[in-house]
Amino acid sequence: MSTLSTHVLDAVAGVPASGVRVTLASRDGGRWVDVHAASTDDDGRVADLAPGGLPPGVHRLTFDTGAWSSAAGRPCFYPEVPVVFTVAEERHHHVPLLLSPYAYSTYRGS
C-alpha cells in the first residue's frame, strides 16, 4: 500500500495555508467514495491522508478553497480544487497545491 500527503501554500502571501479542508476519495467503478478528510496544519500540511494505506487506482483530493478564502477575507474564483491522480506503484505520493485567488497549480511531489 502507498502513503499520501499534501502541502498547501498561499502563493500570494508566501506562507503555508493552514486550515484548508482536504478530502480523499477513491474511484469505485463510476462513482467516488470518500475515504478520509483532514485539515492542513499550521505548516499547511496533512502528513497522512490515507491512514489505512492507498491502494492502486484512481483517487481524488478535493481542497475546500472556498471556505479557506472566505475565512481569510479574500476573493475566491475556485471554491474547490479537485485533483485527480493515479496510483500505479507502491510508494509515497505527495500532492502539493499552490493557491492564489484566481489560479492554482499542483504537481507530483516527493
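The legends below describe close-up views of a predicted model.

**View 1. Salt bridge between Asp10 and Arg74.** The side chains of Asp10 and Arg74 meet in a salt bridge, with an N to O distance of 2.6 Å. Because Asp10 belongs to strand β1 (residues 3–10) and Arg74 to the loop between α1 and β7, the pair ties together parts that lie 64 residues apart in sequence. Asp10 counts as buried, at 4% relative accessibility, whereas Arg74, at 27%, counts as partly exposed. The structure holds 4 salt bridges.

**View 2. Salt bridge between Arg108 and Glu89.** The closest N and O atoms of Arg108 and Glu89 are 3.4 Å apart in this salt bridge. The pair links distant parts of the chain, with Arg108 in the segment after β10 and Glu89 in the loop between β7 and β8 (92–94), 19 residues apart. Arg108 is exposed, with a relative accessible area of 51%, while Glu89 counts as partly exposed at 43% relative accessibility.

**View 3. The largest cavity and its lining.** A search of the whole structure finds 1 cavity of 30 Å³ or more, and the largest cavity has a volume of about 90 Å³. Its lining comprises 14 residues, of which Ser69, Cys76, Leu99, Ser100 and Pro101 are the closest to the centre. By class, 9 of the lining residues are nonpolar, 3 polar and 2 charged. Helix α1 gives the most to this lining, with 3 residues.

**View 4. A nonpolar surface patch.** Phe77, Tyr78, Tyr102 and Tyr104 make a nonpolar surface patch of about 450 Å². Among them, Tyr78 is placed in the loop between α1 (65–72) and β7 (81–87), and counts as partly exposed at 31% relative accessibility.

Note on methods. Residues numbered from 1 in each chain as written. Predicted model: local features only at pLDDT ≥ 70, side-chain atom pairs only at ≥ 80, totals over all residues. Heavy atoms only, no water. Patch = residues over 30% accessible without salt bridge, like charges linked within 9 Å, V, L, I, M, F, W, Y side chains within 5 Å. Areas by Shrake-Rupley, 256 points an atom, 1.4 Å probe, with all protein chains shown as cover. Helix = DSSP H or I, 4+ residues; strand = E, 2+ residues; numbered from the N terminus. Buried < 20%, exposed > 50% of the residue type's maximum accessible area, 1.4 Å probe, protein only. 1 Å grid on protein atoms, 1.4 Å probe; cavity = no way out; pocket = protein on both sides within 12 Å on 5 of 7 lines; lining within 4 Å. Points joined across faces, edges and corners; volume = space filled by probe spheres on them. Nonpolar A, V, L, I, M, F, W, Y, C, P; charged D, E, K, R; others polar.
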